[in-house]
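Please go through the structure below with this report beside it. The report takes up loops, core, pocket and helices in turn.

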Amino acid sequence: MITAEQREKLRGWFAGRLPDDLFESLAEVTVDREEITVIGRIPEPRLTEGASDAEKEAAVQSRIQEFRERTREDRVAVAREAEHRFRRKVSWGVECGDERALFTHIAAPVMTRLRQPERQVLDTLIAAGVARSRSDALAWCVRLVQRHTDDWLTELRDSLEHVQRVRAKGPDAEPQDAPSDEE
């Protein structure tokens with residue numbers, strides 16, 4: 001987990017490093033132990049007045065695909081630099097209109113040990129066709145918890161940041177003037 005200040009510095013690095021004409025705006029930069037995800041807003045396609053929903057959807061999908069192909073070299077160059085500097089993979093996505101699309105993102109394996117009642121929950125989701133495997137079922141459960149406990153998770157993250165700030169002031173803390181690239 002990184003602090004709010006580290007997250008702001010990371011976002012600032014991307015805002016300063018990305019070519020000015022890549023995105024209309026930098027919508028979101030998220031980070032965890034394995035990955036940095038950069039999502040930018042791109043312009044919506046211009047359509048004739050009264051365009052159908054199907055036409056709008058096709059135009060947005062085409063705009064996203066065009067952007068992905070046209071900007072690949074620029075994004076790869078920035079990603080290489082960021083991956084070296086921050087020691088995390090960089091994933092990309094865009095927002096266009098109401099649509100959000102991720103181009104690349106990693107699925108990191110997570111080891112867990114579950115007792116039988118917990119495994120039965122996963123197996124029930126598989127039997128019901130909600131998931132194809134225990135791994136899919138566990139990911140489904142995590143998304144469900146994420147969706148229904150956003151306020152609680154936000155408060156928990158804020159508390160963790162406070163704990164990190166207090167620890168940083170402790171006797172084992174590194175001196176303040178030591179520069180760090182892992183921000």
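## A loop residue and its partners

I106 sits in the loop that joins β4 to α3. The model is a predicted one. Is I106 buried, partly exposed or exposed? Its relative accessibility is 38%, so I106 counts as partly exposed. The cut-offs behind that call are under 20% for buried and over 50% for exposed.

Sequence distance and spatial distance can be set side by side here. I106 and E35 are 71 residues apart in sequence, and their C-alpha atoms are 7.4 Å apart in space. Contacts of I106, with neighbours within four places in sequence left aside, are E34, E35 and S91.

L47 belongs to the loop between β2 and α2. Its relative accessibility is 35%, and therefore L47 counts as partly exposed. Beyond its neighbours within four places in sequence, L47 is in contact with E55, K56 and A59.

## The nonpolar core

How many residues make up the largest nonpolar core? There are 24, and F14, L18, F23, V38 and W92 have the most contacts inside it. Two or more residues each come from α1 (4-17), β1 (25-31), β2 (35-41), α2 (53-86), β3 (89-96) and β4 (99-104). The top contributor is α2, with 7 residues. In soluble globular proteins, nonpolar side chains tend to be buried together.

## The largest pocket

The largest pocket has a volume of about 2000 Å³. Its lining takes in 39 residues, and the closest to the pocket centre are D32, E34, V142, Q146 and R157. Which elements give two or more residues to the lining? They are β1, β2, α3 (116-127), α4 (134-148) and α5 (150-168).

By class, the lining holds 18 nonpolar, 14 charged and 7 polar residues. E34, among the residues closest to the pocket centre, is also one of the contacts of I106.

## Helix α3 and what follows

Just after α3 comes G129, with a positive phi of about 85°.

R87 lies in the loop between α2 and β3. Its phi is near 60°, a positive value in a residue other than glycine. Most residues other than glycine have a negative phi. At 56% relative accessibility, R87 is classed as exposed, because exposed means over 50%.

## An exposed tryptophan

W152 is part of helix α5. Is W152 buried or exposed? Its relative accessibility is 53%, so W152 counts as exposed. W152 and S25 are 127 residues apart in sequence and 29 Å apart in space, C-alpha to C-alpha.

Key. Residues are numbered from 1 along each chain as its sequence is written. This is a predicted model: local features need pLDDT of at least 70, side-chain atom pairs count only at pLDDT 80 or more; totals for chains, interfaces and linings use all residues. Side-chain values use heavy atoms; hydrogens and water are left out. A nonpolar core is a set of buried Ala, Val, Leu, Ile, Met, Phe, Trp, Tyr and Cys residues joined through side-chain atoms within 4.5 Å. Buried means under 20% relative accessible area, exposed over 50%, partly exposed in between (1.4 Å probe, protein chains only). Helices (H or I, at least four residues) and strands (E, at least two) are DSSP runs, numbered from the N terminus. On a 1 Å grid over the protein atoms alone, a cavity is a set of points where a 1.4 Å probe fits but cannot get out, and a pocket is an open set with protein on both sides within 12 Å along at least five of seven lines; lining residues have an atom within 4 Å of a point. Grid points are joined across faces, edges and corners, and a volume is the space filled by probe spheres set on the points. Ala, Val, Leu, Ile, Met, Phe, Trp, Tyr, Cys and Pro count as nonpolar, Asp, Glu, Lys and Arg as charged, and the others, Gly among them, as polar. Contact means heavy atoms within 4.5 Å.
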